[in-house]
Amino acid sequence: MKRRTFLYAASIAGLGFPVSTKAGNRITKLPVSLRETCTLDGNVFSVYTNAKIEPAKVFHITDTHLSLDDERGDAYKQFSKRMAGAYRHNKFWKSEEQLSSQEGFKRTLEEAKKQKADFLALTGDIFSFPSQAAVEWALEELNKTGIPFAYVAGNHDWHYEGMKGSSKQLRDTWTMKHLKPMYQGKNPLFSMYKLNGIRFVCIDNSTYEILPEQLAFYKEQVKSNEPMILLMHIPLFIPGHNIDFGCAHPEWGEKSDQNFEIERREKWRTGGHTKVTFSFYDEVFNSGNLLAILAGHTHRTTLDVKKDIPQLVSAHNATGFYTEVSIKTYVQD
Ligand SMILES: [Fe+2]
């Protein structure tokens with residue numbers, strides 16, 4: 001074998017190209033990988049694929065924690081009080097300047113327009129509670145940009161603290177009552193937006209858990225074998241991080257829940273995560289066409305790689321912070 005051919009064969013094996021392995025009588029085909037490489041430089045995350053796509057510039061916006069409200073929210077003040085007081089004054093991420101979360105959101109959208117972003121990826125906690133006034137304001141601002149966007153909920157968007165009901169019930173209720181327009185007619189729990197040959201796949205894991213229909217939908221997206229970016233609020237478990245990386249975290253559950261009293265909500269699930277959540281986790285980290293995961297929740301920028309798949313968590317947009325995600329084709333000679 002020529003050196004160049006050997007190197008190519010070695011590198012495609014490493015990248016997960018279709019390689020057959022024999023275990024007993026079973027022949028297992030490893031998934032084709034569309035990933036090449038990725039780089040994080042400041043707030044610019046560049047993702048390279050070997051698939052033929054049109055380049056796309058995506059603004060990743062998460063955890064704005066908008067809390068504006070009006071008289072329609074008066075009846076819910078006892079449930080919104082604590083979070084209405086949070087993130088009102090923030091230090092702009094580029095200077096010492098103080099700004100509100102509304103101002104942070106506005107500046108980000110202005111920047112997205114200026115930079116001719118192709119897509120806005122909103123990964124939850126855009127709202128600190130499901131205020132109708134805040135949803136209307138955010139939608140108006142988003143529509144003014146003329147840039148297509150996807151939104152997936154975070155654990156605060158639908159949560160009125162102290163209100164009766166399980167997390168799942170509160171999510172269902174407030175999604176239907178106030179958040180619905182954010183989904184632009186799509187299913188709030190799982191959806192896909194296609195742009196420039198890339199699938200942006202939204203999975204709502206704001207209760208930390210994955211439902212069977214979400215797992216089935218995700219598997220369909222993998223089957224397409226088209227390059228995709230996964231958008232979720234809560235990051236997937238990566239060893240070395242704390243319980244904030246709580247989706248499929250093996251220690252997540254009733255015993256590790258520290259904040260149920262302050263957030264006035266039901267405790268996390270007794271006995272930990274469901275089998276479906278763990279299956280979803282395995283499915284994600286075996287997806288050959290998954291270029292990257294974009295998440296929020298922790299309010300701190302981090303980048304981790306598991307099984308060749310990068311998971312980028314962006315810091316909170318209450319400070320005006322965003323990550324510019326640049327997706328391009330790159331094939332190594
Ligand atoms: Fe948040």
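Before the first stop, one term: a residue is buried if 20 or more other C-beta atoms lie within 10 Å of its own, exposed if 12 or fewer, and partly exposed in between, with C-beta atoms placed from the backbone. Strands (E, at least two residues) and helices (H or I, at least four) are DSSP runs, numbered from the N terminus. Residues are numbered from 1 along each chain as its sequence is written. What you see is a predicted model: local features need pLDDT of at least 70, side-chain atom pairs count only at pLDDT 80 or more, and totals for chains, interfaces and linings use all residues.

Select residues 119-122, strand β8. Phe119 and Ala121 sit on one side, Leu120 and Leu122 on the other, and all four are buried. In a regular strand, side chains alternate between the two faces of the sheet.

Look for Phe59: its bridge partner in β8 is Leu120.

Now show β9 (residues 149-151), also parallel to β8, with 3 bridges between them. Here Ala121 has Ala150 as its bridge partner. To get from β8 to β9, trace the chain through helix α4 (residues 132-145); this β-α-β crossover is right-handed (with the strands pointing away from you, the path from the first strand over the helix to the second runs clockwise).

Finally, zoom out to the open sheet: 6 strands in the order β3-β4-β16-β5-β8-β9, with mixed pairing (two strands pair if DSSP finds at least two bridges between them). Its edge strands are β3 (35-41) and β9, each pairing on one side only.
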